[in-house]
Amino acid sequence: MLAYRSLRTAIIVGLAAGIVLCLRITQPAPGNAHAAPMFNTFTVNSLLDTADLSLLDGVCDVDPGPLTTCTLRAAIQEANAQPGADTIGFTIVGGGTITLLSILPPITDQVTITGTTAIAPPFQPQVRINANDLALGLWFSSNALTTSSNSIVSGLLVRNADAGTTGIAIRIAPGGGVGDLAVSNVTVTGCWLGVNDAGTGAGGRRT
Ligand SMILES: [Ca+2]
Ligand SMILES: [Ca+2]
């Protein structure tokens with residue numbers, strides 16, 4: 001039986017109505033060609049939603065000038081492009097909100113995304129993703145060559161995923177679609193999904 005071996009903490013599918021479902025799914029996983037060790041750390045230092053300039057350089061940077069400006073979108077692009085498991089972190093002083101301009105690219109390679117949380121209760125995430133009425137926030141998927149199975153995401157708030165009827169704050173591909181092969185063993189922990197910044201109510205426009 002392909003039942004889940006354990007249900008622990010926090011996969012959260014945040015519907016627009018603010019429904020928050022927390023669990024960790026661990027299930028029999030297909031082989032992952034990109035297990036540890038980690039190879040790259042991409043550190044997001046911008047709240048913009050701009051694409052990476054070049055996926056050939058292994059550097060998360062959207063700025064053509066001397067500055068290095070790394071957005072979440074660019075970090076995902078680079079983590080996908082670089083072989084092996086990578087880490088995405090954040091150095092956004094005081095936190096802030098990333099408002100998506102379009103759906104983020106699907107995460108197709110193993111990655112650990114580590115958000116930041118306040119040090120005092122209620123330990124709310126300091127980096128927030130406003131899905132901006134798009135259907136998805138983060139999207140773990142696979143392609144013919146790589147998979148985001150065994151990824152981890154922690155310490156993020158994702159809200160306002162809303163495609164008109166429903167939305168998914170963090171989607172873990174169940175498979176069955178062309179180019180959207182199933183992933184497994186993705187851990188979502190310490191994330192607030194589908195709620196407002198304070199965690200006091202729904203984070204979408206429909207409720
Ligand atoms: Ca680059
Ligand atoms: Ca990678």
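A residue counts as buried if 20 or more other C-beta atoms lie within 10 Å of its own, and as exposed if 12 or fewer do. Along E6, which covers residues 111-114, the side chains alternate.

A step back shows the whole chain. It has 1 helix and 13 strands, and from the N terminus on the elements run β-β-β-α-β-β-β-β-β-β-β-β-β-β. Of the 207 residues, 43% count as buried. Among contacts between residues at least 6 apart in sequence, 73% join residues at least 24 apart.

The helix, H1, is mostly covered, with 9 of its 10 residues buried. Among the buried residues of H1 are Leu72, Ala75, Ile76 and Ala79, and also Arg73 and Glu78. The largest nonpolar core has 43 residues, and those with the most contacts inside it are Ala75, Leu138, Phe140, Val158, Ile170 and Cys191. Helix H1 (residues 72-81) gives the most to this core, with 5 residues.

Another group of strands forms an open sheet of 4 strands in the order E5-E7-E10-E13, with parallel pairing. Strand E5 (96-99) and strand E13 (192-193) stand at the edges; each has a single partner strand, so one side of each is left without a neighbour in the sheet. The partner of E13 is strand E10 (residues 156-159), and the two pair in the parallel sense over 2 bridges. Leu157 stands opposite Trp192 in E13.

Gln110 lies in the loop between E5 and E6. With 26 other C-beta atoms within 10 Å, Gln110 is buried. Gln110 and Thr146 are 36 residues apart in sequence, and their C-alpha atoms are 8.1 Å apart in space.

Most residues other than glycine have a negative phi, and most peptide bonds are trans. Against that background, a few backbone features deserve a look. A cis peptide bond joins Pro121 and Pro122, with omega about 5°, and Pro122 is found in the loop between E6 and strand E7 (127-130). Phe123 lies in the loop between E6 and E7 too. Phe123 has a positive phi of about 60° although it is not a glycine, and with 13 C-beta neighbours inside 10 Å it counts as partly exposed. Asn185 also has a positive phi of about 60° without being a glycine. Asn185 lies in the loop between strand E11 (168-172) and strand E12 (187-189), and its 22 C-beta neighbours inside 10 Å make it buried.

Finally, a word on confidence. The chain averages a pLDDT of 81, and 78% of the residues score at least 70. Over residues 1-36 the pLDDT is below 50, although this stretch has 98 contacts in the model beyond near neighbours in sequence. Where pLDDT is low, the predicted coordinates should not be read in detail.

Technical notes:
Residues are numbered from 1 along each chain as its sequence is written. Chains are lettered from A and ligands numbered from 1 in the order in which they are written. This is a predicted model: local features need pLDDT of at least 70, side-chain atom pairs count only at pLDDT 80 or more; totals for chains, interfaces and linings use all residues. A nonpolar core is a set of buried Ala, Val, Leu, Ile, Met, Phe, Trp, Tyr and Cys residues joined through C-beta atoms within 7 Å. Two residues are in contact if their C-beta atoms, placed from the backbone, lie within 7 Å. Two strands pair if DSSP finds at least two bridges between them. pLDDT is the predictor's confidence in each residue, from 0 to 100.
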